[in-house]
Amino acid sequence: METIQLESDPVLNELEKMIIREAGSTVHYPKGQVIFAAGDISDRVLLIESGWVKIFRLSADGKRVTVGRMRSPGEMMALAETLLEVERTCFAGAISDVTMVVLRKTQFEELMAKHPFLGIKVSKLLAVRMREAEGIIHEMVCWQAPGRLALMLMKMGDRCGKETKNGIILDVQLTHEEIASMVGTSRQTVTSLLNTFKQEKSIAYEGRAIRIVDPDKLGKWVV
């Protein structure tokens with residue numbers, strides 16, 4: 001089996017977040033709200049304080065296609081296009097209720113000039129996302145839907161899972177449609193595969209939440 005690398009983005013530490021908070025303003029978005037849209041002017045960067053955000057594009061038939069992976073608390077987003085001063089090409093949507101700190105481009109550039117370590121952190125963050133994009137292309141080309149779904153669940157467990165005596169609870173609830181858009185398949189396929197994972201006791205359900213019961217067994221799908 002191919003070695004699975006579960007790589008997390010470098011999130012801001014408490015000092016870095018404090019600097020951003022002092023310069024920016026706090027905003028709240030309810031679950032389901034679009035935070036920014038394709039075609040918007042890129043004039044601000046965002047720090048996620050709480051909640052989860054998905055980045056997606058629209059297909060020709062209006063279907064949402066997730067690009068990249070979920071943005072999590074402690075992460076900055078909307079960086080690349082803002083620094084390049086180009087229109088946004090993607091949408092950002094709140095998966096849960098979200099609290100963010102918003103910082104104008106000029107303010108952020110001033111902070112990076114004053115605190116060079118912020119510029120280093122941004123460089124590392126963008127480098128990780130470039131590697132992530134390369135990995136997603138490889139997954140879509142080389143792996144079938146079962147492997148892509150299993151890997152997505154494992155990555156979610158690594159990034160937003162809570163360890164319990166009975167396994168890893170995923171701390172964010174996604175619809176089968178949302179999961180399908182993340183792994184490039186249909187909702188029906190996701191439902192069928194999750195049922196297969198459940199039957200083999202790789203995962204279980206606690207209410208609407210998914211619990212990873214046997215990571216090793218789930219990992220065998222990633223081939």
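A quick word on the ground rules. This is a predicted model, so local features need pLDDT of at least 70 and side-chain atom pairs count only at pLDDT 80 or more, while totals for chains, interfaces and linings use all residues. Residues are numbered from 1 along each chain as its sequence is written, and side-chain values use heavy atoms, with hydrogens and water left out.

Back to the helices. The axes of H5 (residues 145-160) and H6 (residues 176-183) come within 10 Å and cross at roughly 110°. Axes here are lines fitted to C-alpha atoms, for helices over the stretch in contact, with angles from 0 to 180 degrees between N-to-C directions. Helices (H or I, at least four residues) and strands (E, at least two) are DSSP runs, numbered from the N terminus. On the H5 side, Arg148, Leu149 and Met152 meet Ile179, Met182 and Val183 of H6, contact meaning heavy atoms within 4.5 Å.

Next, the strands. S3 (residues 44-50) pairs with S8 (residues 98-104) in the antiparallel sense over six bridges, and Leu46 has Val102 in S8 as its bridge partner. S3 also pairs with S6 (residues 76-77), again antiparallel, over two bridges. Pairing requires at least two DSSP bridges between the strands.

On to the charges. The count of salt bridges comes to twelve, each one a side-chain nitrogen of Lys or Arg within 4 Å of a carboxyl oxygen of Asp or Glu. Here are some of them:

| Pair | Closest N and O atoms |
|---|---|
| Arg159 and Glu75 | 2.8 Å |
| Lys105 and Glu85 | 3.4 Å |
| Lys105 and Glu109 | 2.5 Å |

Lys105 lies in H3 (residues 105-114) and Glu85 in the loop between H2 (79-84) and S7 (91-94), so their pair ties together parts that are 20 residues apart in sequence. Lys105 and Glu109 are four residues apart in H3, about one helical turn.

As for accessibility, buried means under 20% relative accessible area, exposed over 50%, and partly exposed in between (1.4 Å probe, protein chains only). Glu75 is buried at 0%, and Lys105 is buried at 14%. Glu85 is exposed at 61%, whereas Glu109 is partly exposed at 33%.
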